[in-house]
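Please keep the sequence and the 3D view at hand while reading.

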Amino acid sequence: MSVAGVAAAVCAGSAAWLVVGRDRGRRRTRAVLVGGGEAEPVASAWRRAVGRAGSRMRHEWWALAGGAVVALLGDSVLPLVLGAAGVPLIRRVRRGRDARLESERRATAVIALCGALAGEVRAGRQPGEALRAAAVDRGLGLGLGEARAGVLAAARFGGDVPGALEEAAREPGARGLVGLAACWRVAVDRGAGLAAGLERLEGALRAERDQRSDLRAQLAGARSTAVMLAGLPVLGLLMGSALGAAPLRVLLHTGAGLGCLAVGGALEGVGVWWALRIVRGAEER
């Protein structure tokens, strides 16, 4: 067996162990507690293992698995190396997406916190008590992030609540807490209505969130087009293989093919980066 075949077999075995091995002890425990002790059917176990593979295997490791498959088909170790090199890049993209989703969840929690706090104040509670009720009783403390304990302590013991809110606003997605701190400061210092200010702040934050959602929906077509165009070379390789042209052997085992692969990969990466940069720039503006 070639080096690429051995590497692909090792990667496939490792992936299978990661997917199936973790649940082995759980399945044994369940069999003992249930009392049946019977081995589950092979087909059912296989379906369960395949179903868990997508949820347990991080997205970046699919690049390594795909590189191993291409390395096996093309009888070359180069795709495996490229797949391994793509793992940290895809991991960075995934972490950026997770951070953006967390920021959006925190922004939504801030909007809900403003609305709940306004309702508690209109119900007759004092601002500090209303903030504790909205953040603890209603479970809306996510908008305060890691500074939640400091904000609640300041509200309970008469500390600097606006300062604590401004500290909490430094976390991604919690920028609306700056407005909450301003409303709190104006209400305490000048006796203005805190509930009215919070309701206006909630409306403004909700309108800003809806505007961002509409813009992201309008840019979804451009992003999808860029991703689709990036996948056309893969479609070309599949069509060439179906026609018997052996494009993988030409690309991986000839000097001209390696040159075309290097130039095409560089142009492909620059094109995808440029298109996504334009989309991100439009979202930021």
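Contact, as used throughout this briefing, means heavy atoms within 4.5 Å. The model is predicted, so local features need pLDDT of at least 70 and side-chain atom pairs count only at pLDDT 80 or more, while totals for chains, interfaces and linings use all residues. Residues are numbered from 1 along each chain as its sequence is written, and side-chain values use heavy atoms, with hydrogens and water left out.

**Overall make-up**

- The protein chain contains 13 helices and 0 strands; helices (H or I, at least four residues) and strands (E, at least two) are DSSP runs, numbered from the N terminus.
- Of the 285 residues in the protein chain, 29% count as buried, where buried means under 20% relative accessible area, exposed means over 50%, and partly exposed lies in between (1.4 Å probe, protein chains only).
- Among contacts between residues at least 6 apart in sequence, 59% join residues at least 24 apart.

**The helix pair H4 and H5**

- Two packed helices are described by the angle between their axes and the distance between the axes.
- The axes of helix H4 (residues 61–74) and H5 come within 7 Å and cross at roughly 170 degrees; axes are lines fitted to C-alpha atoms, for helices over the stretch in contact, and angles run from 0 to 180 degrees between N-to-C directions.
- H4 is therefore roughly antiparallel to H5; angles over 145 degrees count as roughly antiparallel, under 35 as roughly parallel, 65 to 115 as roughly perpendicular and the rest as oblique.
- On the H4 side, the contact is made by Trp-61, Ala-63, Leu-64, Gly-67, Ala-68, Val-70 and Ala-71. H5 contributes Pro-79, Leu-80, Gly-83, Ala-84, Val-87, Ile-90 and Arg-91.
- By class, the contact of H4 with H5 has 11 nonpolar, 2 polar and 1 charged residues; Ala, Val, Leu, Ile, Met, Phe, Trp, Tyr, Cys and Pro count as nonpolar, Asp, Glu, Lys and Arg as charged, and the others, Gly among them, as polar.
- Asp-75 lies in the loop between H4 and H5, and its phi is near 55 degrees, a positive value in a residue other than glycine. Asp-75 counts as partly exposed, at 38% relative accessibility.

**The helix pair H7 and H8**

- Helix H7 (residues 148–157) and helix H8 (residues 161–168) have axes that come within 9 Å and cross at roughly 170 degrees. H7 and H8 are therefore roughly antiparallel to each other.
- Gly-150, Val-151, Ala-154 and Ala-155 of H7 make the contact with Val-161, Ala-164, Leu-165 and Ala-168 of H8. By class, this contact of H7 with H8 has 7 nonpolar, 1 polar and no charged residues.
- Glu-167 is found in H8 and is partly exposed, with a relative accessible area of 43%. The C-alpha atoms of Glu-167 and Glu-146 are separated by 9.9 Å, with the two residues 21 apart along the chain.

**The loop between H8 and H9**

- Arg-170 lies in this loop and counts as exposed, at 65% relative accessibility. Its C-alpha atom is separated by 9.9 Å from that of Leu-144, a residue 26 places away along the chain.
- Glu-171 is found in the loop between H8 and H9 but counts as buried, at 16% relative accessibility.
- Leaving aside neighbours within four places in sequence, Glu-171 is in contact with Arg-106, Leu-144, Gly-145, Glu-146 and Ala-147.

**Nonpolar cores**

- A nonpolar core is a set of buried Ala, Val, Leu, Ile, Met, Phe, Trp, Tyr and Cys residues joined through side-chain atoms within 4.5 Å.
- The largest nonpolar core has 35 residues, of which Leu-117, Leu-131, Leu-165, Leu-177 and Leu-180 touch the most other members.
- At least two residues of this core come from each of helix H5 (78–122), helix H6 (127–137), H7, H8, helix H9 (176–190) and helix H10 (194–230). H5 gives the most, with 8 residues.
- A second, separate core of 5 residues includes Leu-64, Ala-68, Leu-80 and Val-87.

**The loop between H11 and H12**

- Ala-246 is placed in the loop between helix H11 (232–242) and helix H12 (247–253). Ala-246 has a positive phi of about 55 degrees although it is not a glycine, and it is partly exposed, with a relative accessible area of 38%.
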